[in-house]
Amino acid sequence: MGKLYERAEIYDLIESEQRSEITRRDWAAFLEDRPIRTLLDVSIGTGGMTLPLQELGIEVFGSDLSEAMLTRCREKAAGKGRPVECRQADFRDLSCWAGRQFDCVASTGNSLGYVENDGVLQALERMDALVKPGGYLCFDSRNWEKIQREKPRFYLYNPFFHGDDRVNLVQVWDHNDDGSVTFNLLYTFERGNRIFQKEQFEERYHPFPKDLAAGKLLAMGYTDLVVGPVPGFAPVTEFDKMEWYRLIARKP
């Protein structure tokens with residue numbers, strides 16, 4: 001079964017100007033007045049979660065394991081007249097950015113869960129090395145504790161359109177015996193009330209508790225840890241009720 005991150009043209013179908021505006025508002029609400037002028041996203045993908053930061057006056061840089069996703073990210077950024085420096089890298093090895101430091105280093109798109117828990121800790125260490133003193137480290141994630149507690153089977157998206165074609169997306173989650181969760185992503189494409197194309201992908205995640213990452217940041221000396229919902233202007237304030245959260249912390 002194929003991997004969605006090898007099919008950037010499918011992955012990006014859900015993107016729209018409206019979605020980008022929501023993402024921009026999300027970041028603006030979450031970052032508030034923190035002095036961030038440069039941000040490196042170590043799992044930038046096609047840039048949907050990070051490129052809207054450019055509209056807030058933040059210079060964006062990115063790396064990702066998938067060259068196909070980076071190509072799409074570069075094209076989108078260039079199309080808006082705001083080129084982005086992108087490099088191919090696993091977030092557990094960010095040596096391609098050696099010698100550089102940023103006001104904020106982030107991992108977006110629920111990406112840390114792609115690796116096992118020890119890999120999450122390793123990624124945070126690699127990210128920390130690229131954060132300026134007084135800067136910030138940030139990541140977002142699905143609330144794996146909520147998922148493991150409730151064990152939902154389906155995650156439904158509202159239909160969206162690509163031209164005149166309607167696109168339906170549903171995720172079917174398999175909760176595996178080893179604690180991992182397999183996301184089966186099912187796309188159907190409709191034209192004239194008939195399905196003319198189907199695409200199926202599979203991605204495997206390794207849930208990690210928020211406190212695993214938060215504890216690592218505290219051990220590295222980070223302070224001012226803040227956890228908020230995604231989007232940042234959502235009314236949910238209790239962590240147990242958040243479907244998706246973002247954590248940011250300040251480096252001494």
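1. **Ground rules.** This is a predicted model, in which local features need pLDDT of at least 70, side-chain atom pairs count only at pLDDT 80 or more, and totals for chains, interfaces and linings use all residues. Residues are numbered from 1 along each chain as its sequence is written, and side-chain values use heavy atoms, with hydrogens and water left out.

2. **Strands S2 and S3.** Helices (H or I, at least four residues) and strands (E, at least two) are DSSP runs, numbered from the N terminus. Strand S2 covers residues 59-64 and strand S3 covers residues 85-88. The two run parallel, joined by four bridges. Two strands pair if DSSP finds at least two bridges between them. Phe61 has Glu85 in S3 as its bridge partner. Helix H3 (residues 67-79) belongs with S2 and S3 to a right-handed β-α-β unit. Right-handed has a set meaning: with the strands pointing away from the viewer, the path from the first strand over the helix to the second runs clockwise.

3. **Strand S5 and its two partners.** Nine of the 12 residues of S5 (residues 131-142) are buried. Buried means under 20% relative accessible area, exposed over 50%, and partly exposed in between (1.4 Å probe, protein chains only). Five bridges tie S5 to S4, and these strands run parallel. From S4 the chain passes through helix H4 (residues 117-128) to S5, a right-handed β-α-β crossover. S5 also pairs with strand S12 (residues 244-250). Here the strands run antiparallel, with seven bridges. Phe139 stands opposite Leu247 in S12.

4. Rolling a probe the size of a water molecule over the atoms shows where empty space is left. The search uses a 1 Å grid over the protein atoms alone. A cavity is a set of points where a 1.4 Å probe fits but cannot get out; a pocket is an open set with protein on both sides within 12 Å along at least five of seven lines. Lining residues have an atom within 4 Å of a point. The second largest pocket has a volume of about 380 Å³. Grid points are joined across faces, edges and corners, and a volume is the space filled by probe spheres set on the points.

5. **What lines that pocket?** The lining has 20 residues, and Glu15, Ser16, Glu17, Ser20 and Lys76 lie nearest the centre. Helix H2 (17-31), H3 and strand S7 (160-162) each give at least two residues. S7 supplies the largest share, three residues. By type, the lining has six nonpolar, six polar and eight charged residues. Ala, Val, Leu, Ile, Met, Phe, Trp, Tyr, Cys and Pro count as nonpolar, Asp, Glu, Lys and Arg as charged, and the others, Gly among them, as polar.

6. **Salt bridges.** Side chains of opposite charge can pair when their charged atoms come close. The whole structure has 23 salt bridges. Each is a side-chain nitrogen of Lys or Arg within 4 Å of a carboxyl oxygen of Asp or Glu. In H2, Arg24 and Glu21 are three residues apart, about one turn of the helix. Their closest N and O atoms are 2.7 Å apart. Arg24 is partly exposed at 21%, and Glu21 is partly exposed at 33%.

7. **Two further pairs.** Glu85 bridges to Arg100, with closest N and O atoms 3.3 Å apart. This pair links distant parts of the chain: Glu85 sits in S3, Arg100 in the loop between S3 and strand S4 (102-107), 15 residues apart. Glu150 pairs with Lys146 at 3.1 Å between the closest N and O atoms. Both lie in helix H5 (residues 144-150). Glu150 is partly exposed at 46% relative accessible area, whereas Lys146 counts as buried at 16%.

8. **Backbone spots to check.** Most residues other than glycine have a negative phi, and most peptide bonds are trans. The bond from Val230 to Pro231 is cis, with omega near 5°. Pro231 lies in the loop between strand S11 (223-229) and S12. Asn110 has a positive phi, near 60°. Asn110 is in the loop between S4 and H4, and is buried at 2% relative accessible area. Asp224 has phi near 55°, also positive, and lies in S11.
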